[in-house]
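Open the structure in your viewer and keep the sequence beside it. The tour goes stop by stop.

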Amino acid sequence: MLRKILIANRGEIAVRIIRACRDLNISTVAVYSEADKGALHVRLSDEAYLIGPAPSVESYLRIDRILDAAKRASASAIHPGYGFLAENADFARAVLNAGLVFIGPTPEAMELMGSKVNARRVAIAAGAPVVPGTTEPLDSYEEAQSVAAGLGYPVMLKASAGGGGKGMRFVEREEDLRSALETAQSEAAAAFGNAEVYLEKAVERPRHIEIQVFADTHGNFVHLGERECSIQRRHQKVVEECPSPINDASLRERMGQAAVEIARAANYVGAGTVEFLVSDVTRDFYFLEMNTRLQVEHPVTELVTGFDLVREQIRVAEGKPLSFTQEDVRWHGHAIECRVYAEDPANDFMPSPGRISFLNVPAGPGIRDDGGVTSGTEVSIYYDPMISKLAAWGRTRAEAIDRLRRALDEYNVDGIKTTLPFFRAIVRDDEFIAGRLDTGFIPRFNERQARAVEQVEETGAEAIEQRDAALIAAALDYARRQSQASANHQPGTEEQSRWRMAGRAALLNSRT
Ligand code: MV4
């Protein structure tokens with residue numbers, strides 16, 4: 001049994017892990033930087049250690065200081081969360097060498113899947129479908145040229161040490177290949193200290209659908225179904241849901257089987273995610289990469305399956321078998337999560353650091369908010385600006401959207417800009433409501449939004465009909481009540497909201 005767990009992370013994921021430990025009566029040790037004195041994860045932990053200045057290279061990435069804190073606290077295990085050191089095999093090895101339990105896979109599995117060309121070989125050995133392409137890094141332009149010609153354009157160049165779209169290049173025609181190869185290699189070298197790149201055929205209008213897998217040290221492998229993550233902005237996930245709107249039982253079964261076989265071939269232990277591209281047209285799926293960590297979007301899987309994935313990770317780290325078998329896994333209803341960021345959607349999603357002067361987090365039927373901030377928190381420039389994950393569960397996708405819309409309207413953050421207005425528009429978007437979520441969703445959504453603004457502007461004062469007037473009056477009244485609702489409301493807060501009434505739509509930009 002693990003007595004005391006150190007959480008080598010901050011923000012909402014540190015809070016999430018502390019909650020699971022509390023449920024299990026396990027003591028918690030937080031670490032924090034000088035920028036995080038008084039942070040929520042520090043307040044909620046049983047004890048906390050300062051590990052350095054604000055920049056993460058001097059604090060949350062300092063293996064020596066984290067191990068020192070673990071020693072001082074007599075912790076028995078370390079949970080890395082996601083980001084920071086979570087997929088660093090050297091860190092996992094250092095934790096094990098210090099005689100502590102690492103709550104995650106083995107360093108060997110992390111290294112194996114960390115190299116994307118190796119991961120493709122593992123997937124092939126497991127009998128899973130992979131995107132046609134190379135299973136060795138490219139040695140020369142000539143090799144790239146002949147492989148690409150064999151695959152047929154368009155192709156994708158990807159960094160072997162990358163993942164999540166970093167160091168990736170879409171190559172439309174052979175004329176573009178040489179320069180794309182050079183930039184991909186130099187970007188990969190600069191970003192990962194490894195210039196290796198490989199080629200894949202480009203899958204057109206794909207969906208990103210991933211499978212949650214779990215393995216214990218007794219040879220049990222299960223999958224918890226899929227998450228639909230096709231709504232991305234600059235390779236960052238924005239909205240995630242479970243199940244995928246294009247899911248059916250057969251696709252889930254086939255993808256789940258493939259994911260389990262890949263995990264088995266990698267000798268995997270703990271929570272992992274196998275990413276696939278799924279063609280919206282043919283429903284064919286292809287292995288993309290495997291993430292050897294608990295992912296940001298795990299709550300939608302928890303809401304639909306009822307399992308606590310962090311609790312299960314701790315069980316596995318204790319050497320116990322998983323608390324359920326594949327036959328015990330059932331999917332009930334639908335969950336959708338929005339990643340709420342301290343960014344300004346009206347200004348190209350620029351980070352919006354500053355002090356949160358007032359915070360009202362929604363609750364109520366079917367709503368879960370995984371947050372890491374409070375009223376008074378200073379959102380700093382040093383870390384990822386995600387402040388919370390708002391998730392809604394409903395018996396159907398439509399019910400989940402209704403609840404998410406209500407919760408987003410209720411959510412109130414003053415003092416900084418957030419991406420909440422962006423999500424309020426997404427949950428009212430017809431394509432989103434219809435579940436048309438391929439990877440081109442965000443560009444098309446942005447175009448629709450721009451057109452909606454133009455239409456409102458072109459309409460002009462004379463053209464306002466009675467029902468438009470009623471719509472605008474309702475919107476203005478809502479904006480006024482929103483600002484009055486919070487005592488600490490900052491004058492000058494900008495909100496964008498989309499309104500619909502009796503078949504009329506309007507986009508309101510309000511400043512209060
Ligand atoms: C692709 C692809 C098309 N074909 N690979 C982007 C993130 C990284 N995990 C993989 N990505 C892609 N890989 C092939 N062979 C298209 C993307 C892609 C994408 C994938 C899922 C969701 C959004 C995306 C946006 C741009 C590109």
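Is Phe349 buried or exposed? Select Phe349 to find out: Phe349 is buried, because its relative accessible area is 13%. Buried means under 20% relative accessible area, exposed over 50%, and partly exposed in between, with a 1.4 Å probe and protein chains only.

Before moving on, note that this is a predicted model, where local features need pLDDT of at least 70, side-chain atom pairs count only at pLDDT 80 or more, and totals for chains, interfaces and linings use all residues. Residues are numbered from 1 along each chain as its sequence is written, and side-chain values use heavy atoms, with hydrogens and water left out.

**Stop 1: two positive phi angles**

Stay on Phe349. Its phi is near 60°, a positive value in a residue other than glycine. Most residues other than glycine have a negative phi. Phe349 sits in the loop between β15 (343-344) and β16 (350-351). Helices (H or I, at least four residues) and strands (E, at least two) are DSSP runs, numbered from the N terminus.

Now select Arg205. Arg205 also is not a glycine, and has a positive phi of about 45°. Look for Arg205 in the loop between β8 and β9 (206-215). Arg205 counts as exposed because its relative accessibility is 51%.

**Stop 2: two cis peptide bonds**

Select Tyr153 and Pro154. A cis peptide bond joins them, with omega about 0°. Pro154 belongs to the loop between α7 (141-151) and β6.

Next, select Cys242 and Pro243. Their peptide bond is cis too, with omega about 0°. Pro243 is in the loop between β11 (236-242) and α9 (249-265). Most peptide bonds are trans.

**Stop 3: the ligand**

Which residue has a side-chain N or O atom 2.8 Å from a ligand nitrogen? Glu200 does. A polar backbone atom of Lys201 is 2.8 Å from a nitrogen atom of the ligand. For Val203, a polar backbone atom is 2.9 Å from a ligand nitrogen. The ligand alone exposes 520 Å², and the protein buries 90% of that. Accessible areas come from the Shrake-Rupley method with a 1.4 Å probe.

Color the shell by element.

**Stop 4: a five-stranded sheet**

Select the strands β1 to β5. They form an open sheet in the order β3-β2-β1-β4-β5, with parallel pairing. β3 (47-52) and β5 (101-102) stand at the edges with a single partner strand each, so one side of each has no neighbour in the sheet. Two strands pair if DSSP finds at least two bridges between them.

Zoom in on β1 (residues 4-7). Lys4 and Leu6 on one side, and Ile5 and Ile7 on the other, are all buried. Four bridges join β1 to β2 (residues 27-33), and the two run parallel. Leu6 has Val29 as its bridge partner in β2.

Finish at β4 (residues 77-79). Two bridges join β4 to β5, again parallel. Ala77 has Val101 as its bridge partner in β5.

Technical notes. Polar contact = N/O pair within 3.5 Å; in protein donor to acceptor, adjacent residues only side chain to side chain.
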